[in-house]
Protein chains: 2
Amino acid sequence: MSRADELKRMVRDVPDFPQPGIVFRDITPLLADRKTFGEVIDLMSIHWKGKGTTLVAAIEARGFIPGAAVAIRLDAGFIPIRKAGKLPWRVLSHTYQLEYGTDQLDVHQDALGPSDKVLIVDDVLATGGTAAAAVELVRKLGGQVIGVQVLIELSQLGGRKRLSGIEVVSELVY
Amino acid sequence: MSRADELKRMVRDVPDFPQPGIVFRDITPLLADRKTFGEVIDLMSIHWKGKGTTLVAAIEARGFIPGAAVAIRLDAGFIPIRKAGKLPWRVLSHTYQLEYGTDQLDVHQDALGPSDKVLIVDDVLATGGTAAAAVELVRKLGGQVIGVQVLIELSQLGGRKRLSGIEVVSELVY
C-alpha cells in the first residue's frame, strides 16, 4: 500500500454532509495525529521549496489550517482570503458562480503587490470555483500565482480544468 | 522601543468593526510579512517548548492561522474548535453566554483523550468567553489544558480572570 493510500485510510468519510448525497472527506483525524500532521504539511510544501514563494494565500476556514502551516514551512507570509464581510479593512471582492446562486471572496487591498509570488493553499479541490476566485483576486492585485496546493482532490469534479495554465498539486486524489 | 511595541505598530486599528464603537485590532499586516509572521509564531511557541504538548486546539476562523502554525513549530497535532454545525462528525458542544444571547462551540468527540496535553491558541483574548468554552470542551473529553496562548490580549476586558488557574501567555497587550 502506498503512503497516500495509508493517509487516505485516515480520512474519515462522512455521508450526507454538508448536504444529503454528499460524502464529506473529513481530514481532522490526519490533523490530530502529530506525526501525520507534520508529514502532511511537509508533503504539501516540498514541491514549492526554492521557488521563491513570498506569500501563501489560503481560503477560510478550513484552508487556513494547511495554509498557515505551509507558510511557516516555506518561510512565507500568510494572507487570508475570506467570505464577504469578514475582513475588517478595505477589500477587493470577487463574485463567482455556484451550482445554485453565487458566492463572494474578499482579500485586503494591500495584502500583496506585483513583487509577490503567491501559492494558493486549500484543504480540498472540488469544482475549482473557490480556487479560481482566489487566483483572480491575487492577479487583480498584481501578484504572480505560482500554483495551487491542496491536500485532497476530488478529480471527478473537474477542478483542474477550471485552473488551466496553473500548476495544481494534490496529495490525496479521489 | 521594545520589539512588542514595534509589532504593535504593525497592527492596524480599524474603527467600528465589526460593530460601531469597537476598534478592531487587525493582525493581517503582521501575517503578510514573511519575517514577522515567522517571528510571531516563534514568540507564540517558545514558552511551550519541552512541555509535552501533544495537541494545539484553535478556535475558528482566525485562531486557525496561529494555531496551525504553532502546532507545526511544537511538533504537535491540531484540532479545530468550530462554531455550531461546522464539524462533519459527532461533536461535543458547549454553549456559553455572550453580552447579548449565547454562542456555541463544537469539537469532535474523538478529537482528544486523557493522554493529551492541549495548548489552546487564539488570535485575541478579549472577555475570555470563547477561550473558557474551549477549555471546557478539552476537559470534558479528558484532556489536560496546559495553557492558553494568544497573540493579542485586550486586558481591560478581563479575559485572564475568567481563565483563573490556567497559564495564559500573550504577546501584545492593549
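I started with the largest cavity, and its lining is Phe24(A), Asp26(A), Ile27(A), Thr28(A), Leu31(A), Arg62(A), Ile65(A), Pro80(B), Arg82(B), Lys86(B), Leu87(B) and Pro88(B). Two or more lining residues each come from strand 2 (23-26) and helix 2 (28-32) of chain A and from strand 4 of chain B. I note the cut-offs: on a 1 Å grid over the protein atoms alone, a cavity is a set of points where a 1.4 Å probe fits but cannot get out, and lining residues have an atom within 4 Å of a point. Helices (H or I, at least four residues) and strands (E, at least two) are DSSP runs, numbered from the N terminus.

This is a predicted model, so to speak of local features I need pLDDT of at least 70, and side-chain atom pairs count only at pLDDT 80 or more, while totals for chains, interfaces and linings use all residues; side-chain values use heavy atoms, with hydrogens and water left out. Residues are numbered from 1 along each chain as its sequence is written, with chains lettered from A and ligands numbered from 1 in the order in which they are written.

I checked confidence next. Chain A has a mean pLDDT (the predictor's confidence in each residue, from 0 to 100) of 96, and 100% of its residues reach 70 or more. ipTM is 0.97 and pTM is 0.97.

Back to the cavities. How many of 30 Å³ or more does the structure hold? I find 2. For the classes, Ala, Val, Leu, Ile, Met, Phe, Trp, Tyr, Cys and Pro count as nonpolar, Asp, Glu, Lys and Arg as charged, and the others, Gly among them, as polar.

The second largest cavity comes to about 30 Å³. Around it I listed Ile27(A), Leu31(A), Phe37(A), Val40(A), Ile41(A), Met44(A), Pro66(A) and Leu151(A). Helix 3 (residues 34-46) of chain A gives the largest share, 4 residues. The class count here is 8 nonpolar, no polar and no charged.

Then I traced a sheet in chain B. What is its strand order? It reads 5-6-4-3-7-8-9, an open sheet of 7 strands with mixed pairing; two strands pair if DSSP finds at least two bridges between them. Strand 5 (91-97) and strand 9 (168-173) of chain B are the edges, each pairing on one side only. Neighbouring strands are turned by 20° against each other on average, direction ignored. Axes are lines fitted to C-alpha atoms, for helices over the stretch in contact, and angles run from 0 to 180 degrees between N-to-C directions.

Strand 7 (residues 117-125) and strand 8 (residues 144-153) of chain B run parallel, joined by 8 bridges. Val124(B) faces Ile152(B) of strand 8 as its opposite. Helix 3 (residues 34-46) of chain B packs on the sheet and touches strands 7, 8 and 9 of chain B (contact means heavy atoms within 4.5 Å), at about 145° to strand 8.

Last, the backbone. The Phe17(A) to Pro18(A) peptide bond is cis, omega near -5°, and Pro18(A) sits in the loop between strand 1 (12-15) and strand 2 of chain A. Asp16(A), in the loop between strand 1 and strand 2 of chain A, has a positive phi of about 60° although it is not a glycine. In chain B, Glu60(B) and Ala61(B) are joined by a cis peptide bond with omega about -15°.

How values were computed
1 Å grid on protein atoms, 1.4 Å probe; cavity = no way out; pocket = protein on both sides within 12 Å on 5 of 7 lines; lining within 4 Å. Points joined across faces, edges and corners; volume = space filled by probe spheres on them.
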